[in-house]
Amino acid sequence: MKTNLIENRQIRIFISSTFRDMMAERDYLVNRVFPVLRRYCEERDVSLFELDLRWGISEEESKQGKVVDICLKEIQRTTPFFIGLLGERYGWVPSEEERAVIGKNTGVFEDYPWITAELEEGTSITEIEIQEGVLRAKERVDAYFYFRSPKMEVVEEFKEPKGSHAAKMLGDLKKVLREQQAYPVKEYDSIENLGALIEQDFKALVDTLFPQGALSPLEKERLEQRTFLKSRTAVYVPHPGYAEKLDAFIQGDEQSLVITGDSGMGKSALLANWIQNRAADDNEKIIYYFIGASRSGGDYRKITETIGKEICDAYRKPDEVNYWQSMDEKHSIEPIVWGMQSEKQKLEHVIAHTELSSYKRKTEPANRLVIVLDGVEKLFDIDNAKLLNWLPDFPKTVKVLYSTVLCDSSMEVFARRGYEALAVEPLSLEKRKELIVEYLKAYAKSLLPAQIERIAGDRKCENTLALRTLLDELRVFGVHEQIDAQIDRYLAAPDLDCLFALILERLESIFSRDLVPGILSLIGVSRAGLSEPEILELSRAVPLYWSQLFNAIATHAVTRNGLVSFSHTFIRDAVNKRYLQNHDTERVYRRLIAAYMEGPAVSSGRKYDEYPHQVYALKDWDKLYHFLLNFEVFEYLYKKDLYELGKYWRALQEADSEKYSLERYAVLDAAGRSTEELADLYGNIEYALTKTLGDYALSLKFALLALTFRDTALARNHIGAVYYSLGDYQSAMEQYQKALAIEAEAMGTPDLTAAASYNGMSAVYYSLGDYQAALETNQRALEIQKEVLRYLGENHPDMAASYYNFGTIYNSSGDYLAALDNHRKALAIRQEILGENHPDTALSYVGVGDVFRTLGAYQAAMDWYPKALAIQEQLFGKDHPGTKKVRDSIAAVLKKLE
């Protein structure tokens, strides 16, 4: 059985040995050696998990048939990694009665026909494991054997009697292993020596398999995306004509196509198989992204970055570096200030920089580019990302394929844009029958025609995911004579929620009372899943039982970046409803994870991801505050998700703004950091404070602190904006003027940073009542923006800001028609690219409301202000300065209406 472990940068090691005589060795390896190897692997972005299924299992328990079955299945799952430990015991040889138990309870003899003859000859289960994992392997594996030296003292109980059948079989097995040349056999004379040998061998193996060290962020994304794609190409029954429709779209004139349908209908499988089938086309480049299938989850900013880097890689010249990555690393300020650009602007800049931009003027490009974005409904609700305002207008030669569910708000966006849609309908009855046959055939299983007919005809099974789930339930059911009753049980479920509840109920009936709720609840409350070692440590589960459960939920779980999580919402919802409805129960599991993450064995990145998520959910504000008061934590979260960081700080401010003050960042020890690093650090703190909390006084403190380490036009603009928010217009104007001087000296040609300076000056002139100067400086900003963005169209946030400024100025100077015209221009742009639920859109609502209020049309003003208030309160809470300002406007208008 071929696995994708190496490709997915995973090492799952199966450890084969006898029981009680090897307990000391297993203890030493589990507690001393494998933790060292795990950390060594983590440095290469490789996850390691050792699988000793005898850990915690008594010899009597091991004689149960299911244990044998699980061991053999795990050998397949851990291929190609295998460790064999042999001492003076040959191992358990099942008696005739025990073989009958194995045959009754499992499908071992059907799945592994050769085992019957081996057991009749007295072969032990330990040797059968070695044969299955290594000696009978059709391809070379990474196997290592370690024999205990006769010099080591062993009690007689753990030695086979001389001349016995077991002693002879053990001798023959060792002879076979010593004489084969493919796999190393080493002898150890102490447990410490065994540990040193295994550590040495597996470090060398890691160096060989993963010589390049840690993966870049782009390589990690590619790995996880490729893994997900492959998971959707197994046992695929295509909808007739769908692939041909996708091919026709690629050849046609339309630039965008939406694949839609209910969840679980096979949209991802359709796209994955179509991508795989077209991979050999040399005249076509496909960049695909299955949203939610990798570490970026549904964060549009990370997705944009991945797409941008992929475009750079696809269209760069051979001697060029990845342009996106180089801009990130250099923090270059040419031709626009990279770090301050939106994701859309960055993509637009990449397109303009690469050869892709030249295809705008070509009717027949040398290479067609197809971008596939699957699962748009899984986008996080950040900046109204489902409006797809973060994607630019691609050149006409670029084709974009989307997929989303029918009930998601993204469908409204696609409809408004007039994109062609392809609805994925349920498989026909005959195709569902075909899927049933083919799916079960992959596991050497089959059903009777009448049973196939009943399943295929059930309405729930029109959902492909539900059908596959039901088939998985049936294939693991051991009593064939009762299969009809099982089919009846699942088909009787009235809906999908009840179907997945039955699955959890079955799992509970198989395993111990607490195993299923415990482990699934831990995964359910985790941020994005847990690693297998974390699951074992937190649940205290015996590895064998976890392995059994992992096998049992294989179709409902996915491993991404070494973390086990749920693969679809149906199972997640079922777990939440069944185990986590009680708030106190949920808190128990969150506390377990939080306590574990506080331990020294957890890597910093893992802790930074998971720990604040848990203490925030627990409302343990003291722990959250002290955790965030760490520059490394701040920088990690700032780069990873500024909005998540803001969410944590907002909660602390609402709990106790004096006790949990961000001012502490100014006095934290920053020793060892360069002036450039300190400028970035304090500048980022200022930006986070301004963007997420609106604490302008404290923002100014950090902005000025950053300026002491580096003086740039961007820094001056930031300080100017803070001064303006504080009402210090003279200081604000001085900063904008200094920014323009720095820009002129550094670059000569005005760019968007210069335009921002003029926008800021316009706001100052407006506040001082000099409307003519405000109009002139705002016009200069707009001219620069149009020049810089001339190839990318006018629908841009910066241009919307200029139109908004015009609207505000004209309203105050009495030109109300011009004011409404400009505010509506700004609003239209912001609705299109930022969406309804964005602070800038709220500003435009206020702007239109202000014009009507000035005209005395108070009822009309009330059509706009409440919309802005709802957005502000949702994004920033009731105490944010912007929220208070809108509330004051509403109060003033209501007073006029009294």
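Let me start with a definition: a helix axis is a line fitted to C-alpha atoms over the stretch in contact, and angles run from 0 to 180 degrees between N-to-C directions. Helices (H or I, at least four residues) and strands (E, at least two) are DSSP runs, numbered from the N terminus.

Two ground rules. This is a predicted model, where local features need pLDDT of at least 70, side-chain atom pairs count only at pLDDT 80 or more, and totals for chains, interfaces and linings use all residues. Residues are numbered from 1 along each chain as its sequence is written, and side-chain values use heavy atoms, leaving out hydrogens and water.

Now the helices. Take α22 (residues 515-525) and α24 (residues 543-552). Their axes lie 11 Å apart, at an angle of about 70°. So α22 and α24 are roughly perpendicular. That label covers 65 to 115 degrees; under 35 is roughly parallel, over 145 roughly antiparallel, and the rest oblique. Who meets whom? On the α22 side, Leu515, Val516 and Ile519; on the α24 side, Tyr545, Trp546 and Leu549. Contact here means heavy atoms within 4.5 Å.

Next pair: α36 (residues 771-788) and α37 (residues 797-813). Their axes come within 10 Å and cross at roughly 160°. That makes the two helices roughly antiparallel. The contact includes Tyr771, Leu775 and Leu782 of α36, and Met799, Phe806 and Tyr810 of α37.

On to aromatic rings. How many aromatic pairs does a search of the whole structure find? It finds 29. Rings of Phe, Tyr and Trp (its six-membered ring) pair if their centres lie within 6.5 Å; planes under 30 degrees apart are stacked, over 60 edge-to-face, the rest tilted.

Look at Phe228 and Phe290. Their ring centres are 5.0 Å apart and the planes stand at 50°, so this pair is tilted. Phe228 sits in helix α10 (residues 217-231) and Phe290 in strand β7 (residues 284-290), so the pair ties together parts 62 residues apart in sequence. Both Phe228 and Phe290 are buried. Buried means under 20% relative accessible area, exposed over 50%, partly exposed in between (1.4 Å probe, protein chains only).

Now Trp649 and Tyr665. Centres 5.7 Å apart, planes at 70°, so edge-to-face. Trp649 is in helix α30 (residues 642-656), and Tyr665 is in the loop between α30 and α31 (675-693). Trp649 is buried at 2% relative accessibility. Tyr665 is buried too, at 0%. Both belong to one aromatic cluster, whose members include Tyr625, Phe631 and Phe709.

The rule: NZ of Lys or CZ of Arg within 6 Å of the ring centre and within 35 degrees of the ring normal. Arg489 lies over the face of Tyr490, 5.5 Å from the ring centre. Lys867 lies over the face of Trp864, at 4.9 Å.

Last, the backbone. Most residues other than glycine have a negative phi, and most peptide bonds are trans. Here are some exceptions. Thr79 and Pro80 are joined by a cis peptide bond, with omega about 15°. Pro80 is in the loop between α3 (65-78) and β3 (81-86). Arg540 is not a glycine, yet has a positive phi of about 60°. Is Arg540 buried or exposed? Exposed, with a relative accessible area of 64%. Lys619 also has a positive phi, near 60°. Find Lys619 in the loop between α27 (604-618) and α28 (621-628). At 58% relative accessibility, Lys619 is exposed.
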